[in-house]
Amino acid sequence: MYDLIYLDTTHGYYDTLNELKNIYYKLNTNQVLCGHDYNSQGVSSAINDLFQYPDIEIYLDGSWSIIKNNRLILKK
């Protein structure tokens, strides 16, 4: 189990979606899942399809972060 996971993924939708599902369960509660390339269509679509906004923090440089807490539920 991890306290921080930084995802540097391909920009493909299905690769990103599968990676997010796999690493989500390896993250401790109240810890951070983050990455970059949110400005990529495949990455942003996978994140938005899996998590609910406003649980996703998006930054000007294309980075993103999500805190895994008790109210965060995967949509898929």
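How many bridges join strand β1 to strand β2, and in which sense do the two run? The close-up views below take up this pairing and its surroundings in a predicted model, for which local features need pLDDT of at least 70 and side-chain atom pairs count only at pLDDT 80 or more, while totals for chains, interfaces and linings use all residues. Residues are numbered from 1 along each chain as its sequence is written, and side-chain values use heavy atoms, with hydrogens and water left out.

**View 1. Strands β1 and β2.** Strand β1 (residues 2-7) and strand β2 (residues 27-35) run parallel and are joined by five bridges; helices (H or I, at least four residues) and strands (E, at least two) are DSSP runs, numbered from the N terminus. Within this pair, Y2 stands opposite L27 in β2. The chain passes from β1 through α1 to β2 in a right-handed β-α-β crossover, meaning that, with the strands pointing away from the viewer, the path from the first strand over the helix to the second runs clockwise.

**View 2. The open sheet.** Four strands form an open sheet in the order β1-β2-β4-β3, with mixed pairing, where two strands pair if DSSP finds at least two bridges between them. Its edge strands, β1 and β3 (56-58), each pair on one side only. Strand β4 (residues 64-68) is joined to β3 by three bridges in an antiparallel run, with I66 as the bridge partner of I56. β4 also pairs with β2, again in the antiparallel sense, over five bridges, and here V32 stands opposite I67.

**View 3. Helices α1 and α2.** The axes of helix α1 (residues 13-24) and helix α2 (residues 41-50) come within 8 Å and cross at roughly 45°, axes being lines fitted to C-alpha atoms, for helices over the stretch in contact, with angles from 0 to 180 degrees between N-to-C directions. That makes α1 oblique to α2, since angles under 35 degrees count as roughly parallel, over 145 as roughly antiparallel, 65 to 115 as roughly perpendicular and the rest as oblique.
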